Amino acid sequence: MMSDKELKGGHLARSAAMLCQDPEFRRYLDRAQSHKGGVHIPDGTHSEEDARDLILTACKISSRAELDHNVQAATRFRQIKAHYQRWLGRQKRREGNQQHESKTGA
């Protein structure tokens, strides 16, 4: 079996890297941490490195490359991504409703 240093990242590792670079994902983390901790965390608080660290910790891995080789970590990453995508959908619907209300004066 390959050691951690020899693992090559595949699709999931690349997906995690792109997610960490996404400012909306980092805003999601800001909001989630605010909600979880009951303390306001300003948008823009989480960096790419913070996002990476959160994924590694939540998935119990030391490298994003492990996502492509560890079933439990891959499952947890997919859950994180699914929660984020649901949150993003809600945000977009809210923004759409607010724009509609401002145009109609409702």
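Helices are DSSP runs of H or I with at least four residues, numbered from the N terminus. The views below show a predicted model, in which local features need pLDDT of at least 70, side-chain atom pairs count only at pLDDT 80 or more, and totals for chains, interfaces and linings use all residues. Residues are numbered from 1 along each chain as its sequence is written, and side-chain values use heavy atoms, with hydrogens and water left out.

**View 1. Arg 27 and Glu 24 in helix α2.** Both residues lie in helix α2, three residues apart, which is about one turn of the helix. Buried means under 20% relative accessible area, exposed over 50%, and partly exposed in between, with a 1.4 Å probe and protein chains only. Arg 27 counts as buried because its relative accessibility is 16%. Glu 24, at 28%, counts as partly exposed. A network of salt bridges links Glu 24, Arg 27 and Glu 95.

**View 2. The salt bridge of Asp 43 with Arg 31.** The closest N and O atoms of this pair are 2.7 Å apart. The pair links distant parts of the chain, twelve residues apart: Asp 43 is in the loop between α2 and α3, and Arg 31 is in helix α2. Asp 43 has 40% relative accessibility and therefore counts as partly exposed. Arg 31 also counts as partly exposed, at 33%.

**View 3. Arg 26, a residue of helix α2 (residues 23-37).** Arg 26 is buried but has no salt bridge. Its nearest side chain of opposite charge (Lys and Arg count as positive, Asp and Glu as negative; His and the chain ends are not counted) is that of Glu 48, 4.3 Å away. The side chain of Arg 26 reaches the backbone oxygen of Cys 20 at 3.0 Å. Beyond neighbours within four places in sequence, Arg 26 is in contact (heavy atoms within 4.5 Å) with residues including His 46, Ser 47 and Ala 51.

**View 4. The salt bridge of Arg 52 with Asp 53.** Here the closest N and O atoms are 3.3 Å apart. Arg 52 is partly exposed, with a relative accessible area of 29%. Asp 53 is partly exposed too, at 33%. A search of the whole structure finds four salt bridges.

Terms used. Helix = DSSP H or I, 4+ residues; strand = E, 2+ residues; numbered from the N terminus. Polar contact = N/O pair within 3.5 Å; in protein donor to acceptor, adjacent residues only side chain to side chain.
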